[in-house]
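This briefing goes through the fold, the core and a few selected residues of one protein. Please keep the sequence and the coordinates open while reading.

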Amino acid sequence: MSRRFRNSWYTSICARNLLRHSSSQVQPQSTALHFYQNRQLELYASKEANRLSLRQLVFFGRSMDEEKLIKSANYVRTELPVRIAHRLRDLQALPYVVVTQEGVAQVYELYWSAFEKFRRYPQVTTLKENEAFCEFLESILDEHAPVIPSLSLGLSLSSPHLSPDSLDSFMRRMLVSRISRRVLAEHHLALSKSLGTNSLNLPEDPHVGIIYTALNLRHSIDKCVTLLRGRTHDIKDEIGESVPNRGWPEVIVDGHVDTKFSYIREHLEYIIFELLKNAMASTGLNHRSSSSLPPIRATIVVGENDVGVRISDQGGGLSSARIKSPSDLFSFSHIRNATRMDDTRLGALRSASSRGVKATVAEQIRPCQSNANSNNKDPEREAGIVPHPRIGLGLPMSNIFTTYFGGTLELVSLDGWGTDVYLRLPKLGTNLEGIEL
């Protein structure tokens with residue numbers, strides 16, 4: 001396909017999409033109509049991202065003062081448009097049949113709008129200007145909530161037209177980059193809120209920005225277990241029939257239970273939450289005719305360079321006619337994971353695209369009705385689980401979060417018995433972000 005022809009068809013697609021979404025909150029004036037000719041995009045896409053490690057983020061954030069906070073603001077202001085520009089180039093390289101799928105053009109418009117806003121944002125020089133910049137960051141984060149389900153929907157529909165390797169590689173680059181941008185933005189927001197306080201001296205949860213420097217792994221597992229066991233029993237079998245309510249299985253935590261290490265708590269707890277949620281559901285389904293449910297075991301092990309968690313269940317394993325290997329559950333391709341093209345899955349993604357998905361535990365929980373008038377503003381302390389449609393993003397996003405700083409997530413299926421999941425996360429904080437350019 002010639003460059004000139006691609007320019008014309010993508011311009012027409014974006015123009016139609018702009019008209020269709022003219023009443024939405026994202027209404028950039030120039031948007032994608034001339035993106036191939038945009039020299040500014042070429043300039044930013046030619047730069048390399050400045051990848052950071054957890055240790056660097058913690059070291060810089062210690063003893064935060066006004067000068068360091070202003071420096072942090074301007075780093076975020078100049079780094080994010082570079083990372084967005086690389087992903088805009090990825091989107092531009094997609095075949096015609098892919099960008100015509102619903103959701104993809106919307107994501108492009110969101111990225112283009114954010115790129116233009118960051119590129120034009122003036123230098124931050126005072127604390128008052130930083131407050132305005134923080135409000136700007138929060139608005140961008142909210143605007144981009146639909147990105148994950150919209151991309152997943154568009155690429156699922158495009159799966160017949162892309163090789164599995166190409167599709168999964170594209171989604172990995174997009175999602176890792178998205179995580180990296182949210183980390184930088186949310187870390188700066190947290191540093192701004194903590195200015196003038198020493199959060200490292202907190203007795204229970206010492207942290208720098210969004211990084212908890214003594215994260216208690218046992219406590220995070222117990223928290224996820226409590227949230228999951230407090231939800232409504234809603235297990236359904238392969239044909240959609242409800243499984244008898246026998247409660248939720250117990251989770252036994254053993255091993256090096258006093259383990260603490262530096263990590264982003266929101267990432268860790270999302271991974272643990274999703275893995276335990278799957279283990280509980282498969283255990284209840286596999287033992288639907290039993291009077292009691294066998295326990296799930298979470299074993300914590302500390303190595304020289306990493307922290308490991310093995311989650312073992314008796315849920316029957318992962319054998320299925322729709323996947324060839326357990327790792328296919330991480331894939332966005334229908335060739336590797338046939339459920340990607342299920343009508344119910346696609347419908348759930350459409351619904352999720354309208355409300356947005358940030359891939360956090362917090363968005364899956366809600367305050368109990370009895371505590372609706374409580375002054376407690378932390379929804380994770382007294383909460384139930386929001387009914388959450390199965391959109392097929394839990395395991396893929398868990399894998400993306402795990403590998404972001406060089407960890408690994410492995411699924412081992414013991415067909416007929418259960419599944420062992422091996423999670424390994426680096427504990428030294430020296431690994432750089434796994435961003436692909």
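In which helix is serine 152 found? Serine 152 is found in helix α8, residues 147–158; helices (H or I, at least four residues) and strands (E, at least two) are DSSP runs, numbered from the N terminus. The model is predicted, so local features need pLDDT of at least 70 and side-chain atom pairs count only at pLDDT 80 or more, while totals for chains, interfaces and linings use all residues. Residues are numbered from 1 along each chain as its sequence is written, and side-chain values use heavy atoms, with hydrogens and water left out.

**Overall**

- The secondary structure of the protein comes to 13 helices and 10 strands.
- Of the 437 residues, 53% count as buried; buried means under 20% relative accessible area, exposed over 50%, and partly exposed in between (1.4 Å probe, protein chains only).
- The accessible surface comes to about 20,300 Å², and 49% of this surface belongs to carbon and sulfur atoms; areas come from the Shrake-Rupley method with a 1.4 Å probe, and for residues only the protein chains shown count as cover.
- Among contacts between residues at least 6 apart in sequence, 75% join residues at least 24 apart; contact means heavy atoms within 4.5 Å.

**Serine 152**

- At 1% relative accessibility, serine 152 counts as buried.
- Leaving out residues up to four places away in sequence, serine 152 touches Met171, Phe332, Arg340, Leu349 and Leu393.
- Serine 152 and serine 333 are 181 residues apart in sequence, and their C-alpha atoms are 9.8 Å apart in space.

**Three-stranded sheet**

- An open sheet of 3 strands has the order β1-β2-β4 with antiparallel pairing; two strands pair if DSSP finds at least two bridges between them.
- Strands β1 (207–208) and β4 (260–264) stand at the edges with a single partner strand each, so one side of each has no neighbour in the sheet.
- Helix α11 (residues 265–286) packs on this sheet and touches β2 and β4, its direction making about 95° with that of β4; axes are lines fitted to C-alpha atoms, for helices over the stretch in contact, and angles run from 0 to 180 degrees between N-to-C directions.
- β1 and β2 (residues 211–216) are joined in the antiparallel sense over 2 bridges, and the bridge partner of valine 208 in β2 is isoleucine 211.

**Five-stranded sheet**

- A further open sheet has 5 strands in the order β3-β5-β6-β10-β9, with mixed pairing.
- Its edge strands are β3 (251–255) and β9 (408–414), each of which pairs on one side only.
- Direction ignored, neighbouring strands of this sheet are turned by 15° against each other on average.
- Helix α13 (residues 394–404) packs on the sheet and touches β9 and β10 (418–426), with its direction at about 135° to that of β9.
- β3 runs parallel to β5 (residues 296–302) and is joined to it by 5 bridges; glycine 255 has isoleucine 300 in β5 as its bridge partner.
- β5 and β6 pair in the antiparallel sense over 6 bridges, and a hairpin joins them through 3 residues.
- Valine 302 stands opposite valine 307 in β6.
- Strand β6 (residues 306–313) has 6 of its 8 residues buried, so the rest of the structure largely encloses it.
- β6 and β10 run antiparallel and are joined by 8 bridges, with valine 421 in β10 as the bridge partner of isoleucine 311.

**Nonpolar core**

- The largest nonpolar core has 118 residues, and those with the most contacts inside it are Ile221 and Leu276; such a core is a set of buried Ala, Val, Leu, Ile, Met, Phe, Trp, Tyr and Cys residues joined through side-chain atoms within 4.5 Å.
- Helix α9 (residues 164–193) gives the largest share of this core, 12 residues.
- Beyond four places in sequence, isoleucine 221 touches Val253, Ile272, Leu276, Ala298, Ile300 and Val309.

**Aromatic pairs**

- The count comes to 10 aromatic pairs; rings of Phe, Tyr and Trp (its six-membered ring) pair if their centres lie within 6.5 Å, and planes under 30 degrees apart count as stacked, over 60 as edge-to-face and the rest as tilted.
- The rings of tyrosine 44 and phenylalanine 115 have centres 5.3 Å apart and planes at 90°, so this pair is edge-to-face.
- Tyrosine 44 lies in helix α2 (residues 39–45) and phenylalanine 115 in helix α6 (residues 104–120), so the pair ties together parts 71 residues apart in sequence.
- Tyrosine 44 counts as buried at 13% relative accessibility, as does phenylalanine 115 at 0%.
- Tyr44, Tyr108, Trp112 and Phe115 form one aromatic cluster.
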